[in-house]
Amino acid sequence: MSNDPACKRCENGSGDIIHAIRVCAYAREVLTLGGLHESLLDDNYMDCIDWLGSSMRERNST
Ligand SMILES: [Zn+2]
């Protein structure tokens, strides 16, 4: 495993989990196409567990 912090998909960002699942342009495209509510993409979540919890609640409420 490499210590290179850059994202391998977009070659930007920190390469951390929040980037990989939500911030990365490629991830955002997939999430948007999948119908994820915009607030889940725009709110400033610092913890991926918080974001996943909000995503699950949003999905269960629709
Ligand atoms: Zn990326």
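This note comments on the predicted model of one chain, point by point.

1. Basis of the model. The structure is predicted: local features require pLDDT of at least 70, side-chain atom pairs count only at pLDDT 80 or more, and totals for chains, interfaces and linings use all residues. Residues are numbered from 1 along each chain as its sequence is written.

2. Confidence. The mean pLDDT of the chain (the predictor's confidence in each residue, from 0 to 100) is 82, and 90% of the residues score at least 70. Within the chain, H2 has the highest confidence, at a mean of 88, and H3 the lowest, at 77. Where pLDDT is low, the predicted coordinates should not be read in detail.

3. Secondary structure and overall extent. The chain has 4 helices and 0 strands, in the order α-α-α-α from the N terminus. Helices (H or I, at least four residues) and strands (E, at least two) are DSSP runs, numbered from the N terminus. Along the principal axes, the C-alpha atoms fill a box of roughly 40 × 20 × 20 Å.

4. Of the 62 residues, 2% count as buried. A residue is buried if 20 or more other C-beta atoms lie within 10 Å of its own, exposed if 12 or fewer, and partly exposed in between, with C-beta atoms placed from the backbone. Two residues are in contact if their C-beta atoms, placed from the backbone, lie within 7 Å. Among contacts between residues at least 6 apart in sequence, 14% join residues at least 24 apart.

5. The segment before H1. Cys7 is found in the segment that precedes helix H1 (17-23). Cys7 counts as partly exposed because it has 19 C-beta neighbours inside 10 Å. Leaving aside residues up to four places away in sequence, Cys7 touches Asn12, Gly13, Gly15, His19, Ala20 and Cys24. The C-alpha atoms of Cys7 and Ser55, which are 48 residues apart along the chain, are separated by 23 Å.

6. Backbone at Glu11. Glu11 also has its place in the segment before H1. The phi of Glu11 is near 60°, a positive value in a residue other than glycine. Most residues other than glycine have a negative phi, and most peptide bonds are trans. Glu11 has 9 C-beta neighbours inside 10 Å and therefore counts as exposed.

7. H2 (residues 25-33) is hardly covered, with a count of 0 buried residues among its 9 residues. Thr32 lies in this helix and is exposed, because 11 other C-beta atoms lie within 10 Å. Between the C-alpha atoms of Thr32 and Asp43, 11 residues apart along the chain, the separation is 14 Å. Just after H2, Gly35 takes a positive phi of about 90°.

8. Helix H3. Asp42 is found in H3 (residues 38-42). Asp42 counts as exposed because it has 8 C-beta neighbours inside 10 Å. Asp42 and His19 are 13 Å apart, C-alpha to C-alpha, and 23 residues apart in sequence.

9. Helix H4. H4 (residues 48-61) has 14 residues and reaches 20 Å from its first C-alpha to its last, close to the expected 20 Å. The expected span of a helix is 1.5 Å times one less than its number of residues. H4 is hardly covered: 0 of its 14 residues count as buried.
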